[in-house]
Amino acid sequence: MWDKMTSTDFNKRLMDGMTISEENHLKINGVDTVALAEKYGTPLYVYDIDLVLNKIRSFKDAFKCYEKKTQVAYASKAFSSLALYERLAGEDVSLDVVSGGELYLALKAGFPADRIHFHGNNKSSRELREAIANGIGCIVLDNFIELTMLEEITEQLQKNINVLIRVTPGIHAHTHDYISTGQEDSKFGFDLASGQVEKVIERLMSSTYINAIGLHAHIGSQIFEVSGYEAVIDKLMKKADEWRSTYQFNLEVLNVGGGFGIRYVENDAPLSLSVFAEAIMTAVKKSSNELNLELPEIWIEPGRSIVGEAGTTLYTVGTEKEIPEVRKYISVDGGMADNIRPALYQATYTGVLANRVNDDSVEKVSVAGKACESGDMLIWDIELPEINQSDILAVFSTGAYGYSMASNYNRLPRPAVVFLENGEDSLAIRRETYDDYLNLEISHADRTK
Ligand SMILES: Cc1ncc(COP(=O)(O)O)c(C=O)c1O
């Protein structure tokens, strides 16, 4: 059984940093996941923090040869926690937050404010005020009402703020290609085709406290091709060249967003981070040469590609139901409450039985969650060894948009989060308890006091 571990087929199923122990258990970062499930309970999110840091460093390294500065801003909507923000504070990385809540947690963690970028299509006046009062590095300006609020707040606080103009460029990447739509129907940013960007630049150029340092565009997620980034760079650099002469707009920074694809299932073949970086730098240099435009700084904001593959969720198998000639369901102790992506986007996942990784796969099953929703399915078809109650199922690549989108649906407590670093495990977020619910609840007696 042990020798199968080296088969190419099998290795394809494991993710970076994973091995198999002599007891045939899945290990992540050298730590036995079956022991983790026993120690912390399930469902359990497990993050290989060394892998997270490696991804960040790989992006940084990939941009090293660029002549101007580059910034990698981790899009923390993918997964945020005090412990992660604390860990990243000491790294050469910036942070993208999208709400007052993420900003609050990042500042509490001691993340340097000047390395934080603030995104969002409906930032409140309070959120903007807090961001500016705390001296954050940059706001990604999304719309005209936000601009008016920013003008008022900076005037009141007598503080300057750097902004990037979020542009909806009319280019949208679908996983394997991109489409040019002319006018992009999106709630985010200033529409390029209808001239909104020119209007906002005109206003910004006469602003006292708001300093427009560049442009931002995010073309999609789970992207496996470089062509969408090349197209958006070409388009925005040409526009920047026009705006240089019309408005004296100086493109100091070009932020091309996130969206770099990762491996969820065996068939996903993501490009390496260095291929994306190389293509982005080449496209920027090409445009800058052709247009005689000074090279801008390049900023990116990856989320999924930093934390996605580094996260694994451990579940305990409970009940099963077999419908002859149709399918066999096995149910686990989590589901849509800790991973909404399959229900929300038909996202696909794979995994292994963590306590018998190398056993032969003998049946195809469907993995159901425990919520009272027929749509609460984690994996529709997966080949697994014979499954018994209390087996531990490890679902791979759940590190992005899992915990951060988790809910208490059906009053299921949010799982704990464990970090693995240098072969050691530590609790990063404790498991929610039923008592935690009571912290927010007001009883009849208290309401009618
Ligand atoms: C503006 C922006 N930047 C970055 C990201 C991160 O994308 P990903 O996690 O796919 O890298 C998103 C995701 O929705 C986004 O909307």
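# Exercises: pockets and aromatic pairs

The lining of the largest pocket takes at least three residues from each of domain 1 (2-41 + 310-438) and domain 2 (49-305), with bounds from an automatic or database domain assignment. This is a predicted model, in which local features need pLDDT of at least 70 and side-chain atom pairs count only at pLDDT 80 or more, while totals for chains, interfaces and linings use all residues. Residues are numbered from 1 along each chain as its sequence is written, and side-chain values use heavy atoms, with hydrogens and water left out.

**Exercise 1.** Find out which residues are the closest to the centre of the largest pocket, and which element gives the most to its lining.

*Solution.* Start with the search rule: on a 1 Å grid over the protein atoms alone, a pocket is an open set of points where a 1.4 Å probe fits, with protein on both sides within 12 Å along at least five of seven lines, and lining residues have an atom within 4 Å of a point. Next comes the volume, the space filled by probe spheres set on the points, which are joined across faces, edges and corners. For the largest pocket this gives about 1100 Å³. Of its 45 lining residues, His218, Gly220, Ser221, Arg304 and Tyr401 are the closest to the centre. Now turn to helices (DSSP runs of H or I, at least four residues) and strands (E, at least two), numbered from the N terminus. At least two lining residues come from each of β9 (161-168), β10 (171-174) and α12 (341-345), and β10 gives the most, with four. Finally, sort by type: Ala, Val, Leu, Ile, Met, Phe, Trp, Tyr, Cys and Pro are nonpolar, Asp, Glu, Lys and Arg charged, and the others, Gly among them, polar. The lining then splits into 15 nonpolar, 18 polar and twelve charged residues.

**Exercise 2.** Work out which element supplies the largest share of the lining of the second largest pocket.

*Solution.* Its volume is about 320 Å³. Of the 20 lining residues, Tyr349, Ile379, Trp380, Asp381 and Ile382 are the closest to the centre. Both α12 and β20 (377-384) supply at least two residues each, and the largest share, seven residues, is from β20. By type, there are ten nonpolar, five polar and five charged residues.

**Exercise 3.** Classify the ring pair of tyrosine 45 and tyrosine 403, and decide whether each residue is buried or exposed.

*Solution.* Rings of Phe, Tyr and Trp (its six-membered ring) pair if their centres lie within 6.5 Å; planes under 30 degrees apart are stacked, over 60 edge-to-face and the rest tilted. The count by this rule is 13 aromatic pairs. For tyrosine 45 and tyrosine 403, the centres are 5.3 Å apart and the planes 75° apart, so the pair is edge-to-face. The partners are 358 residues apart: tyrosine 45 is in strand β4 (residues 44-48), and tyrosine 403 in the loop between β21 (392-395) and β22 (416-421). For burial, under 20% relative accessible area is buried, over 50% exposed and in between partly exposed (1.4 Å probe, protein chains only). Tyrosine 45 is buried because its value is 1%, and tyrosine 403 because its value is 15%. Both also belong to one aromatic cluster, formed by Tyr45, Tyr47, Phe79, Tyr403 and Phe419.

**Exercise 4.** Do likewise for phenylalanine 59 and phenylalanine 260.

*Solution.* At 5.3 Å centre to centre and 55° between the planes, this pair is tilted. Phenylalanine 59 is in helix α3 (residues 49-62), and phenylalanine 260, 201 residues apart from it, is in the loop between β14 (253-255) and α10 (273-291). Phenylalanine 59 is buried at 1%, and phenylalanine 260 is buried at 1%.
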